[in-house]
Amino acid sequence: VQPFISATTTATLDFSLTSAITSTISDTPMPINNPTVFPTSIPGVIQHCLKISDVIRLSDIGLQGTIALMGIYPQSIPGSYLLDLSSGETKAFPTQGMSYMVNGAVSPDRNWFAYEGAGEDLTSGRQLVIVDSQGVVQKTINLSNIKTPASYMVLAEWLENNHMVFTWGEERDTAPIYASTIFVDPFTEESTEYQSNYPNLYYLYPNYLYIWSNYGPTLSVYNTSVDRVLFLSFDGVVLWNLTTQQQIRIFEDIPENNLTNPVWSPDGQHFIMDQNTASGRNLFLVTKNGVTQQITFFNGRNGFGTNMGDFTDYVWSPDGKSIAFWLMTGIGERAGEASYDLAILDLISGEIHNYCIDKFIWRSIEPVWSPDGKWLVVPVPNGFSPGSDSLQRAKTILIDINKNQAYPIAEDAVPLGWMVND
């Protein structure tokens, strides 16, 4: 087992796409020759409709690594566990005196998993527990030692090995202008706090409670080098230089259209976001200096999930060459409910691949990439709890992207990360 010591991330990641992206991006959007039209068809989207195989032994697949899974209904630590992909064995997370799992994240080098827990009232006793792939506790941090009150201090992501990102508000529904982002070094417990009092920051209640996922409390997202931040203003998304404290660019938009926050690339040099275009709402690739390139060309859709083609929860592949996300492809069985499929955008070819795997509608759960970018782990619907037509159950599946195969690996638990085994 590797010792839990400070380490940098950049040496272990491959960002060979950076130069390729930079050479093709311009401020002028690419011409729209054949926009994708909804709802009658999805031209330009390649379908790979997967069939989920019967239950199999994980050892037969021959994969290495460990999946961190969070139990749901209840969202408890006792119902959460680590799943060893090579053996199929599971290891429960130590409760450390807590009952409720708030959130969790795998370190960028994939050696550690951190989960935030709380007492039965969901607010008291907030602690951060860091374990290795065997479930052995490496460190426990009392979050009250970082910021008080810690009742609404929430782990948003593990940005770099030495940077864990938390959002904080004094109360449950704290307005973004009074909330803050806190960077915590899990090795030294040193922290840096950034107030989210950026110019014209959006704070319309209750709308801010339902947008930007983990960053909803602050409506601000930082890159890995912490020299740029994106925040949502009343006029749109603002790219801000933290070194000069000046605006680089504003992407004018209706704030309520920004359901999903922009997502920075692993190297912090680019981000992906959705914006309005003449043909509808589409995805854009943007450099940290504000140079943009339109990368999808859908037609006739907005950002509310009511028209075909909406997309949420973008996740960069480890090598930065692809984006996994959920693509709206229809209306669900229940009135007014959108239906989303798993999709992957290839940034080199521009192709969009739809895998016809439904999204589990519970909270914002992003697809989880394998370290080599050849597999994905996602939760899918698995019927409803007995006696309920609204409490949706989940099944987590493992997808071989190259072979178009999917395998069930867990029930009533959702994936939070993929670790490497020591």
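Reader: Are D227 and R228 buried or exposed?
Author: This is a predicted model, to start with. In it, D227 is buried, and R228 is too.

Reader: How far apart are the closest N and O atoms in the salt bridge of D227 with R228?
Author: They are 3.9 Å apart.

Reader: Which residues is N241 in contact with, leaving aside neighbours within four places in sequence?
Author: D227, R228, Q246 and I248. N241 sits in strand β16, residues 236-241.

Reader: Why does N241 count as buried?
Author: Because its relative accessible area is 12%, and buried means under 20%.

Reader: What lies 2.8 Å from a polar atom of the N241 side chain?
Author: The backbone nitrogen of T243.

Reader: New topic. How many salt bridges does the whole structure have?
Author: A search finds 9. One of them joins E193 and K147, with the closest N and O atoms 3.2 Å apart. That pair links distant parts of the chain, 46 residues apart. E193 is in strand β13, and K147 is in the loop between β9 and β10.

Reader: Is K147 buried or exposed?
Author: Buried, at 19% relative accessible area. E193 is partly exposed, at 33%.

Reader: Now the strands. How many bridges join β29 to β30?
Author: 6, and the two strands run antiparallel. T396 has A410 in β30 as its bridge partner. The two strands form a hairpin with 4 residues between them.

Reader: Which residue forms a salt bridge with E411?
Author: R393, with the closest N and O atoms 3.9 Å apart. E411 is in β30 and R393 in β29.

Methods. Residues are numbered from 1 along each chain as its sequence is written. This is a predicted model: local features need pLDDT of at least 70, side-chain atom pairs count only at pLDDT 80 or more; totals for chains, interfaces and linings use all residues. Side-chain values use heavy atoms; hydrogens and water are left out. Buried means under 20% relative accessible area, exposed over 50%, partly exposed in between (1.4 Å probe, protein chains only). A polar contact is a pair of N or O atoms within 3.5 Å; within protein, one must be able to donate a hydrogen and the other to accept it, and residues adjacent in sequence count only if both atoms are side-chain atoms. Contact means heavy atoms within 4.5 Å. Two strands pair if DSSP finds at least two bridges between them. A salt bridge is a side-chain nitrogen of Lys or Arg within 4 Å of a carboxyl oxygen of Asp or Glu.
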